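Open the model in your viewer and keep the selection tool at hand.

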Amino acid sequence: MKQKILEIDNLHKYYGKAENETKALAGISFQVMEGEFLGIMGSSGSGKSTLLNCIARVIQPTSGKIFVDETEILTLKGAKLAEYRGKKIGYLFQNFELLDNLTGQENILLPLSIQNISEKESKKRLQELSSYLEISDILDKFPTQMSGGQKQRVAAARALILNPSIVLADEPTGALDSKNARVLLDKLEGLNQEKNTTILMVTHNSNAASYCGRILFIQDGIIFHELRRNGQEESRQEFYDRILKVMAQLGGGSANVL
C-alpha cells in the first residue's frame, strides 16, 4: 500500500492588508501519495505557483500546515530547513536557472557537493541520470552552448540527483517548443512510472497535464475541480479531452497539440 508523502491542510496565503488584501490561497487542502504524478492547473493568478512555492518553503503561507513524510515543514528552521530544501525536494523551474559559468556536469553535481556526497556515489548518480535523460554528450558544455531542451534536461538531472521525496516542477515546458516539451514530459513520466518518483507539476498546458495521473484545478485560491485518469483504460488523448472541458469552464485552456 502506498504511503502518504504530502499533506496540505487548510493553506492560506494573503498579500497586502485590509482593502488591498489579495487571497492567493484561500484554504486549500489535499494529499499526495508516494509515486503520484499530480498536476496543478489554473489560470494566471489562480494561486498555483504560490502553492508550489509554499511547499518549497520559498515563501511562508499566512496560515495552515504542510506535512512532508509526516514532518511539519513550516516549523523547520536553520539546518533542518536547509536539509529539507536540499534533500527532500527537487525544484524544476520554467527558465532552467542553471549557472552559466558552470558546465552541465558541474550544475548537476552542485547539490551533491553541498550535501557532501562522496565522489564515487556522485559519479554513479550522474552516470545513471545523464544516460536516462540522454544528456551524456553535453555534460562538458556550458548552458550557453545548449538548446532549451538540453538545458531543461540538465536542470531535471540537477533536481533529481539527490533522490528527493518530491519533485516540484513549475511550468517545466513553458520555455520549450513542442518537440522538446514532449521529450521532457516522456522522461518525467518514465521516472514516475519506472522509479516511482513523486512529481507535482504546475502547468497551464492541457497537453502537459495529460501526462499526470491526477489533476487539481485551482481558481481564486481554492480547489475548483479534480480529475483522475482512469488508469490504462483511458488514453492520454481521452484524458486530454476531459482536461480541456474543465479548462473551458475555468475560462482558459490550451489547444496546442504536442
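**Before you start**

This is a predicted model, in which local features need pLDDT of at least 70, side-chain atom pairs count only at pLDDT 80 or more, and totals for chains, interfaces and linings use all residues. Residues are numbered from 1 along each chain as its sequence is written, and side-chain values use heavy atoms, with hydrogens and water left out.

**Stop 1: H3 and H4**

Select helix H3 (104–114) and helix H4 (residues 119–132). Helices (H or I, at least four residues) and strands (E, at least two) are DSSP runs, numbered from the N terminus. The axes of H3 and H4 lie 11 Å apart, at an angle of about 130 degrees. Axes are lines fitted to C-alpha atoms, for helices over the stretch in contact, and angles run from 0 to 180 degrees between N-to-C directions. That angle makes H3 oblique to H4. Angles under 35 degrees count as roughly parallel, over 145 as roughly antiparallel, 65 to 115 as roughly perpendicular and the rest as oblique.

Now show side chains. From H3, Gln105, Ile108, Leu109 and Leu112 meet Ser122, Arg125 and Leu126 of H4. Contact here means heavy atoms within 4.5 Å. The residues of this contact are four nonpolar, two polar and one charged. Ala, Val, Leu, Ile, Met, Phe, Trp, Tyr, Cys and Pro count as nonpolar, Asp, Glu, Lys and Arg as charged, and the others, Gly among them, as polar.

**Stop 2: H3 and H5**

H3 and H5 pack with axes 7 Å apart, at about 25 degrees. The two are therefore roughly parallel to each other. On the H3 side, pick Gly104, Asn107, Ile108 and Pro111; on the H5 side, pick Val154, Ala157 and Arg158. By class, this contact has four nonpolar, two polar and one charged residues.

**Stop 3: H5 and H6**

In H5, Gly149, Gln152, Arg153, Ala156 and Leu160 meet Asn180, Val183, Leu184 and Leu191 in H6. Five nonpolar, three polar and one charged residues make up the contact.

**Stop 4: the largest pocket**

Which residues lie closest to the centre of the largest pocket? Select Arg85, Gly86, Ile89, Tyr91 and Pro111, from a lining of 18 residues. The volume is about 510 Å³. On a 1 Å grid over the protein atoms alone, a pocket is an open set of points where a 1.4 Å probe fits, with protein on both sides within 12 Å along at least five of seven lines; lining residues have an atom within 4 Å of a point. Grid points are joined across faces, edges and corners, and a volume is the space filled by probe spheres set on the points. Helix H2 (78–88), strand E6 (89–92), H3 and H5 each supply at least two lining residues. The lining divides into eleven nonpolar, three polar and four charged.

**Stop 5: the second largest pocket**

Finish with Phe37, Asn192, Gln193, Cys212 and Gly213, which lie nearest the centre of the second largest pocket. Its volume is about 430 Å³. H6 gives the largest share of the lining, three residues. By class, the lining has four nonpolar, seven polar and seven charged residues.
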